[in-house]
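Have the model open alongside as you read.

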Amino acid sequence: MELFIVLFMMMIHQWLVIPIIKRKVGYERPDEPTIFYAYKTKWQLPAELGIVVLAVAAVALFTPTLGIWSVLFIPVAMSGILALRGVLEKKYEPYMKHYVISFIQASVLLSAFVSLIVYAWVMNGA
């Protein structure tokens, strides 16, 4: 049941909240729409891949000691990637205000996983 609630909230966020925020900040699509993210610098993709590799390595390294809690490195890495994108968008294209969406997605992702952790603690009685 909890999984359906999380999926429902994610659908609401992606299909309702993000389009409303895009409209409010005046989100502009690039002239040539692409499937992939438009990287702002030449080192952004390697930095994001480095964050992914670091998160996977941390999960592999800390799983014996942390157990299932080592999975928390994944949402932290995803939020880090979104925050990095927001910082670069604010630095290189501040007039477009796309950074607002990246920062909101990072904060929503972190708050969603924090609420799941709190819910797990409450349900387990810890």
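## Ground rules

Contact here means heavy atoms within 4.5 Å. Helices (H or I, at least four residues) are DSSP runs, numbered from the N terminus. The model is predicted, so local features need pLDDT of at least 70 and side-chain atom pairs count only at pLDDT 80 or more, while totals for chains, interfaces and linings use all residues. Residues are numbered from 1 along each chain as its sequence is written, and side-chain values use heavy atoms, with hydrogens and water left out.

## Helix α4 and its cover

## Either side of α4

H98 sits in the loop between α3 and α4. It counts as buried because its relative accessibility is 11%. Leaving aside residues up to four places away in sequence, H98 touches Y27, E28 and E89. Just after α4, G125 takes a positive phi of about 70 degrees.

## α2 against α3

α2 (residues 44–66) packs on α3 at about 160 degrees, axes 9 Å apart (lines fitted to C-alpha atoms over the stretch in contact, with angles from 0 to 180 degrees between N-to-C directions). That makes the pair roughly antiparallel (over 145 degrees). Residues making the contact include I51, V52 and F62 of α2 and I81, L84 and L88 of α3.

Methods
Helices (H or I, at least four residues) and strands (E, at least two) are DSSP runs, numbered from the N terminus. Buried means under 20% relative accessible area, exposed over 50%, partly exposed in between (1.4 Å probe, protein chains only). Angles under 35 degrees count as roughly parallel, over 145 as roughly antiparallel, 65 to 115 as roughly perpendicular and the rest as oblique.
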